[in-house]
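Here are some exercises to work through with the model open beside you. Try each task before you read its solution.

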Amino acid sequence: MKSCPRCSFGNFDHVVNCVKCGASLSAPERVSIDPNPPRAKRKHPFREWVQRFRRRRGFRWSEPSEQERLEQDPGLSWDFKLNLFLPGFYQFRHDRVPLGIFCLGLVLGGLICSWLMVGTGLAFFMMPCAVAGYVMSIYDANGGAVLRPFFSATSSARLRIEWWTLLPDLLLPGFFQFRKGRYVRGAIYLGIFLAGWVLFCYAIGTLYTAWALAVAAMGPALSLCDMFRFAAWPFRQRLLFTVLLSFFSFQIFHQSYFRIADAALDQAAYTTIGMEFAGTDLHPGEWAVETTNPPDPAPGDIVRLRIQGFVYGAGEFFDRLLAGPGDVVSISDGRLQVNGKPAEILPLNDRYRLPNLPELTLGKDEFLIYPSAAQRGNGHLWTRNYAVINRSQITGRLESIHFPFWRRRSLVNRRNPEYIAPEPHSEQE
Amino acid sequence: MGRFNSLELSGTPQETAPEPEIPAVRGEAPKNAQYFIDRGDRFFFRCEYEAALQEYSRAVGLDAGAAAAWLGQIFALTELGEFHEAELWYGNAVGVVGETAELLALRALAAARTGDFDRACGYSDSSLEAGGGMLPHIVRGEIFLYSRRNAEYCFEQATAMAGRADWKCAFLIASACLFADTAASATTALKFLLPALEKSGTRGELYLLLARIQLKLKQRTAAQKALEQCAALMSDYIIPAELKEATAPGFWARLFGR
């Protein structure tokens, strides 16, 4: 009896093939293999392009595990231990002088300033600086051999940052790049910086100055990120440091430029119109010439007013004088009547709804004014006590706008441009 | 050919493996699987991958257990840019000859060339753990080239395993570097190819690869000389037209007769 190797059926001895499945009983069956491999039906140019792109971009080798890190750790050296007492010492010994100076400066500066400022609120902010410098020094000393460089630009010697040029490197966009022969990116950073300032000069007197300065601040921020690339760090740390560096450096440069520009404009002794005047006859950012203590204020003038007493949200404001001494004024349904006629002069903000006011006659040196642009919210209506002011409360008057040039104009006694004078025949009626 | 295996010719099923063809002339090599593998290798190192694939397929048809033929097939598919097909064929090869370090390395190579580096690293690790060898180290080196790591170390290891005289190892290293397609990798390729050329100077295949590398480095005159050497050493080899065209002198050289 022969058993079939495929189906285990028992066949008679003289049978050559299995009567059940037909398999040969004399020899094991050969495995049927197609020796020809499958072939691609067509070319895939896009797929090839993507693959080439991926190969070109490459990849970052997976980071060593924590266990491997610990195995590589050589242990704490004597200079590390000394660094615990003298932050920056390890960095000085290991060719990271700028970082050493930085850490030592932070620690000493923080301690000294907090000592000098004891009793003021600033001392509270100085101590964290000292702690940050100390922690940074220890942190770098602990992993410096494995994770270097922290503060030096890259692992390449060509792109090392020399500490004696650190200041211009940090402050002048493109300086580092030009020194290191990276002319194209240096020119790009410098170009962004200059373009931002040119835009700023063009945008003075508009709402867009901050945006222009943001463009200008991108130049040095990008330059910094190019200097400090944390090349030897694992990817995630590198990403984190770069994000933090770009964010904070951008903020610092932006704020600094803003303050520098503000100080420069203040030097010009103009009064800059604030943001709250958007939508009025004035435009935010305009430079106005202001006369202090004007001798003859009149209705229609835009004056600076100092409020007597406490008023939430307004201690001092600009607005237009609506009526002067001897005028009979009243407000009903938001409409101002002066001497029995609709007022020719309206507040700066024409959307401001005037609160009702019973008819009254303004006395000598009395004026009527409402803070139409400066008042916030409708919770506190401007009462009669505040609306009728004394001449002594007027501390200044805007005379004219000088900048921007294309909006130069006089501001004295400007009537409401939307006022339509009543026709003569209606008066006759 | 597999579909003809189970035909019942003359009433009797084919019971044993087909015998190799009997040499027609006395002294001619028997045309068994090894014969076709050698032919495949010959085409492979001449960068004629289609022809090499055919020869390897014949070898597999004759002897399904020939691991070298399977390897050659997958390698040729990878060199032809058919990475997906190579991956599919790897499955078949593993089913027949089992999972070897070389097969794993080729799988890693196909994955790396598609840009799937996670898988490539995994397969490469497995291939090194499965015993390593010349090919796994070369593949590891190519993966290192893509991650800008020290690929030369891996290539050195591969060279040490293959023996300094093995020109095939140098060829594979150089072709891996050439595929990475950067000037730096081309320089690395030269670093490994030139010593092999000194030792195996009669190998036209090495000169052919040298010409390609020098073209990559924009050294046209040197590439032309290498091609001339190649033509002198491999008289039966027809140099591809695109290579000839690439090494032909340019407009100014022709104008001034230089």
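**Exercise 1. Find which helices supply the lining of the largest pocket, at least two residues each.**

Solution. Start with the helices: α1 (45-57) of chain A contributes at least two lining residues, and so do α2 (49-62), α3 (67-79), α4 (83-97), α5 (101-113), α9 (167-180) and α11 (204-216) of chain B. Helices here are DSSP runs of H or I with at least four residues, strands are E runs of at least two, and both are numbered from the N terminus.

A word on the ground rules: this is a predicted model, in which local features need pLDDT of at least 70 and side-chain atom pairs count only at pLDDT 80 or more, while totals for chains, interfaces and linings use all residues. Residues are numbered from 1 along each chain as its sequence is written, chains are lettered from A and ligands numbered from 1 in the order in which they are written, and side-chain values use heavy atoms, with hydrogens and water left out.

Next, the top contributor is α1(A), with 5 residues. The whole lining has 40 residues, and B:T78, B:E79, B:L80, B:G81 and B:F179 lie nearest the centre of the pocket. The pocket is an open set of points on a 1 Å grid over the protein atoms alone, with protein on both sides within 12 Å along at least five of seven lines; a cavity is a set where a 1.4 Å probe fits but cannot get out, and lining residues have an atom within 4 Å of a point.

The volume is about 1300 Å³, meaning the space filled by probe spheres set on points joined across faces, edges and corners. The lining splits into 20 charged, 13 nonpolar and 7 polar residues. In this scheme Ala, Val, Leu, Ile, Met, Phe, Trp, Tyr, Cys and Pro are nonpolar, Asp, Glu, Lys and Arg are charged, and the others, Gly among them, are polar.

**Exercise 2. Describe the two cavities of 30 Å³ or more.**

Solution. Begin with the largest cavity, at about 70 Å³. Among its lining residues are B:F75, B:E79, B:L109, B:R113 and B:E142. Helices α3, α5, α7 (134-146) and α9 of chain B each give two or more residues to this lining, and α7(B) gives the most, with 4. By class there are 7 nonpolar, 1 polar and 3 charged residues.

Now turn to the second largest cavity, at about 40 Å³. A:R52, A:R55 and A:R56 line it together with B:F179, B:A180 and B:D181. The largest share, 3 residues, is from α1(A). The classes here are 4 charged, 2 nonpolar and no polar residues.

**Exercise 3. Characterise the contact between chain A and chain B.**

Solution. First count the residues: 23 come from chain A and 40 from chain B, with contact meaning heavy atoms within 4.5 Å. Then take the buried area, about 2800 Å², of which carbon and sulfur atoms give 56%; this is the accessible area (1.4 Å probe) that two parts lose on being put together, summed over both.

Last, look for charge pairs. There are 3 salt bridges across the interface, each a side-chain nitrogen of Lys or Arg within 4 Å of a carboxyl oxygen of Asp or Glu. In one of them, A:R39 pairs with B:E50, with the closest N and O atoms 2.8 Å apart. On the side of chain A that touches chain B, 9 residues are nonpolar, 7 polar and 7 charged.

**Exercise 4. Locate the cis peptide bond.**

Solution. The bond joins A:F403 and A:P404, with omega about 0°. A:P404 lies in the loop between β13 and β14 (409-410) of chain A.
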